[in-house]
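Q: I have a model open and want to go through it piece by piece. Can you take me through it?

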Amino acid sequence: MTPRPLRFAFSHISRRLWAGGFNYQRNLFTALDRFLPGEFAPVVFAGTRAEDNELVELAAVPGVEIVRSEAFDGQPGLAAALTLGLDRGAAAAFRSARVDVVVEAARFFGWRLPVPAVAWIPDLQHRSLPQLFPRTARWRREIGFRVQIASGRTIMLSSESALRDFRACYPHASNRISVVRFATQPPAAFLNTDPSEVIATYGLPANYFYLPNQFYRHKNHQLVVDALTILKRRGVDVVVCASGSTEDRREPGYYDLVNAEIRKRGLDTHFRHLGVIPLPHVYALLRASTALLNPSRFEGWSTTVEEAKSFGVPMILSDIDVHREQTGGAARYFGVDDPAALADHLVQAAHEAHGPVVRNVVPSQDDNVRAFAASFSATMRQAVHQNE
């Protein structure tokens with residue numbers, strides 16, 4: 001008899017609030033379907049007010065099921081999970097959907113949850129950069145991690161860098177820990193868009209640097225503005241194209257601050273923000289860019305870096321541990337507070353560019369994504385077996 005697929009639960013992650021998390025889910029489900037067909041059935045639990053188009057996109061991946069429930073409109077069961085040990089509404093939804101294992105992503109369903117749970121902790125940014133978190137947000141995240149650890153969850157981290165942070169912050173934790181480093185395989189349907197048409201649509205020059213980061217303060221857009229200011233003084237004409245959401249719930253006015261600096265310094269034609277654009281446009285701009293730019297002060301495992309790697313796009317990255325881990329030294333690096341170094345890299349990369357180039361997926365990408373799927377699979381199965 002053919003064993004039934006292992007059914008794992010994942011709460012819906014809003015693209016508007018965290019584009020990287022949404023893309024992670026879609027990439028994960030696609031990788032499992034492609035490299036481990038029939039072995040897993042992802043069940044996405046979404047609130048009744050979740051964006052329909054996002055759920056339709058996830059449901060288009062073969063094997064993915066969507067369950068809508070009021071138990072996922074916000075976190076109505078969190079207080080019960082913390083005080084009584086069980087989010088009854090969520091637990092009932094899991095039981096009805098015959099879930100075998102639950103992935104907790106910024107959620108805690110209680111230590112009495114009757115199915116095994118894996119706590120996905122992408123990073124410990126609130127411990128490394130506490131000044132970027134309002135006090136309540138910082139403690140909410142910290143308490144969430146601590147109760148997950150105390151409840152014996154399997155911990156899923158995204159990088160060896162995150163593992164080092166975890167060991168340093170929670171030296172007495174004895175939980176089973178897995179490092180699952182994700183890799184992306186852009187959907188073929190998203191690569192049919194002609195990059196030259198997209199470039200023309202947005203009025204970009206043939207050579208530009210691409211910065212597809214949401215406007216969070218830790219993403220460090222200000223450093224790019226400072227680097228462009230230096231280049232303007234030198235008389236060097238460089239264009240950075242940025243895209244992504246301007247919404248940061250921790251600091252709602254951050255985008256306006258950066259944008260005001262851009263206007264004040266007369267950099268409107270040098271720093272071009274396109275807002276949230278369709279994913280096929282994101283891939284088109286990435287494939288044809290002079291280089292990917294990521295000045296972030298902190299990453300758990302950068303999605304944009306992985307996407308650039310999948311096309312062999314040159315990268316100019318902040319010199320943080322996880323960027324080194326992701327690229328193995330195969331990028332240009334600059335300090336997170338060193339706009340002059342970034343400016344120098346931009347000039348050098350611009351001089352080395354030889355006209356418009358449209359890159360395709362690199363041949364080795366299948367191996368990277370297959371390894372990601374296998375690593376996630378092993379983590380889920382270990383969590384289930386541990387509970388048997």
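A: R265 is partly exposed, at 26% relative accessibility. Keep in mind that this is a predicted model.

Q: What does R265 form a salt bridge with?
A: With D226; the closest N and O atoms are 2.7 Å apart. D226 lies in helix α9 (residues 221–234) and R265 in the loop between α10 and β10 (271–273), so the pair ties together parts that are 39 residues apart in sequence.

Q: And D226, what is its relative accessible area?
A: It is 22%, so D226 counts as partly exposed; the cut-off for buried is under 20%.

Q: How many salt bridges does a search of the whole structure find?
A: The search finds 25. One of the pairs is R7 with E65, where the closest N and O atoms are 2.8 Å apart.

Q: Is R7 buried or exposed?
A: R7 is buried, with a relative accessible area of 7%.

Q: Where are the two ends of the R16 and E247 pair?
A: The side chains of R16 and E247 meet in a salt bridge at 2.9 Å, N to O. R16 is in the loop between β1 and α1 (19–35), and E247 is in the loop between β9 (240–242) and α10 (254–264). The two are 231 residues apart, so the pair links distant parts of the chain. R16 is partly exposed, with a relative accessible area of 44%, and E247 is partly exposed at 28%.

Q: Which residues are linked in a network of salt bridges?
A: R15, R26 and E57.

Q: Changing topic: the sheet. What order are the strands in?
A: The order is β3-β2-β1-β4-β5-β6-β7, seven strands in an open sheet with parallel pairing. β3 (65–68) and β7 (177–179) are the edge strands, each pairing on one side only. From one strand to the next the twist averages 25 degrees.

Q: Which helix packs on the sheet?
A: Helix α15 (residues 365–386) does, and it touches β1, β2 (40–46), β4, β5, β6 and β7. The direction of α15 makes about 170 degrees with that of β6.

Q: How many bridges are there between β1 and β4?
A: Three, with strand β1 (residues 6–11) and β4 paired in the parallel sense. In that pairing, F8 stands opposite V101 in β4.

Q: What about β5, which strands does it pair with?
A: Strand β4 (residues 101–105) pairs with β5 in the parallel sense over four bridges, and A105 stands opposite W120 in β5. Four bridges also join β5 to strand β6 (residues 154–157), again running parallel. There, I121 stands opposite L157 in β6.

Q: How many of the residues in β5 are buried?
A: Five of five, in a strand that covers residues 117–121. A117, A119 and I121 point one way, while V118 and W120 point the other way.

Q: Which elements do the buried residues of α7 pack against?
A: They pack against β5, α6 (135–150), β6, β7 and α13 (321–327). The buried residues of α7 (residues 160–169) are S161, A162, L163 and F166.

Q: Next, L113. Where does it lie?
A: L113 lies in the loop between β4 and β5. L113 is buried, with a relative accessible area of 9%.

Q: What is L113 in contact with?
A: Leaving aside neighbours within four places in sequence, L113 is in contact with G85, L86, A91, F94, V102 and R153.

Q: And how far is L113 from N259 in space?
A: They are 46 Å apart, C-alpha to C-alpha, and 146 residues apart in sequence.

Q: Last one: which residues form the nonpolar patch on the surface?
A: L82, W139 and I143 form it, and together they have about 280 Å² of accessible area. L82 is in helix α3 (residues 78–83) and is partly exposed, at 37% relative accessibility.

Methods
Residues numbered from 1 in each chain as written. Predicted model: local features only at pLDDT ≥ 70, side-chain atom pairs only at ≥ 80, totals over all residues. Heavy atoms only, no water. Buried < 20%, exposed > 50% of the residue type's maximum accessible area, 1.4 Å probe, protein only. Pairing = 2+ DSSP bridges. Contact = heavy atoms within 4.5 Å. Axes fitted to C-alpha atoms, helices over the stretch in contact; angles between N-to-C directions. Patch = residues over 30% accessible without salt bridge, like charges linked within 9 Å, V, L, I, M, F, W, Y side chains within 5 Å. Areas by Shrake-Rupley, 256 points an atom, 1.4 Å probe, with all protein chains shown as cover. Salt bridge = Lys/Arg side-chain N within 4 Å of Asp/Glu carboxyl O.
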